[in-house]
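Please open the structure in a viewer and keep the sequence at hand.

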Amino acid sequence: MTASGRVIPMVESHPVGGDGSARRVLLIGGTHGDEYASVSIVFKWLQLERRPGIHWRIVPLLNPDGLLRRQSRRVNARGVDLNRNLPTPNWKQESEHYWIQRTGRDPRRYPGPAAASEPETRWLMKEIDTFRPDVIVSVHAHYASFVYDGPGSAPHRLGNLRRRQLWKYPGSLGAYAGRHLGIPVLTLELPWAGILPDARATQRIWDDLQHWLSRNPT
Ligand SMILES: [Zn+2]
């Protein structure tokens with residue numbers, strides 16, 4: 001449940017056949033409610049063929065309260081940036097410092113009153129704890145790139161998204177799961193928040209992602 005009582009939708013896709021060694025992958029869209037393409041592309045991928053050997057839990061929209069407003073916005077119903085609210089070490093000190101010093105108290109990047117103060121954050125933490133994913137893939141927009149956090153090795157390519165290093169944000173999923181819990185986190189940044197990649201580009205990212213997932217054991 002979200003802060004306003006909405007359900008966070010989740011689709012589970014069990015691997016076909018297999019010997020129980022399937023890789024568990026948690027795929028998340030819509031952490032930021034105004035990044036429409038990050039929600040739509042997850043629904044597009046749900047319609048495409050899934051490779052055997054992967055056990056998916058797919059969350060197309062982590063932040064329904066942010067999206068389903070008259071005017072969609074990045075933060076949740078309580079005005080918190082869900083990608084800054086996860087309990088990374090020294091969260092209080094680092095997230096406040098970051099928010100005040102680097103963003104000038106940007107309300108779109110408010111990390112929250114405390115680590116894991118938000119129901120969506122706690123829902124996600126519980127999901128990670130119970131599902132124990134081998135890899136987490138989180139979709140955002142709009143830097144046309146991808147970032148890799150955690151152990152193992154990053155994909156060489158994902159369609160036309162290029163690999164890049166981002167700032168290490170306190171309270172982000174990459175910092176929390178990737179560096180703190182040691183679960184590889186792949187953060188995709190689509191080219192635009194409001195325009196989906198075309199069908200071919202959507203397919204290519206999906207193919208490259210699944211290719212990497214099925215070849216990269218952790
Ligand atoms: Zn985002």
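Select helices H4 and H5: H4 passes H5 in a right-handed crossing, the near helix being turned clockwise from the far one by less than a right angle. This is a predicted model, in which local features need pLDDT of at least 70 and side-chain atom pairs count only at pLDDT 80 or more, while totals for chains, interfaces and linings use all residues. Residues are numbered from 1 along each chain as its sequence is written, and side-chain values use heavy atoms, without hydrogens and water.

H4 covers residues 119–131 and H5 residues 173–181; they pack at an angle of about 30 degrees, with their axes 12 Å apart. Helices are DSSP runs of H or I of at least four residues, and strands are runs of E of at least two, numbered from the N terminus. Axes are lines fitted to C-alpha atoms over the stretch in contact, with angles from 0 to 180 degrees between N-to-C directions. H4 and H5 are therefore roughly parallel to each other (angles under 35 degrees).

Next, display the side chains between them. Leu-124, Met-125 and Ile-128 of H4 meet Leu-173, Tyr-176 and Leu-181 of H5 (heavy atoms within 4.5 Å). The residues of this contact comprise six nonpolar, no polar and no charged.

Now select Leu-27, Trp-45, Leu-186 and Leu-188, which touch the most other members of the 26-residue largest nonpolar core. Such a core joins buried Ala, Val, Leu, Ile, Met, Phe, Trp, Tyr and Cys residues through side-chain atoms within 4.5 Å; buried means under 20% relative accessible area, with a 1.4 Å probe and protein chains only. Finally, select H6 (199–215), which supplies the largest share of this core, five residues.

Definitions and conventions
Buried < 20%, exposed > 50% of the residue type's maximum accessible area, 1.4 Å probe, protein only. Parallel < 35°, antiparallel > 145°, perpendicular 65-115°, else oblique. Nonpolar A, V, L, I, M, F, W, Y, C, P; charged D, E, K, R; others polar.
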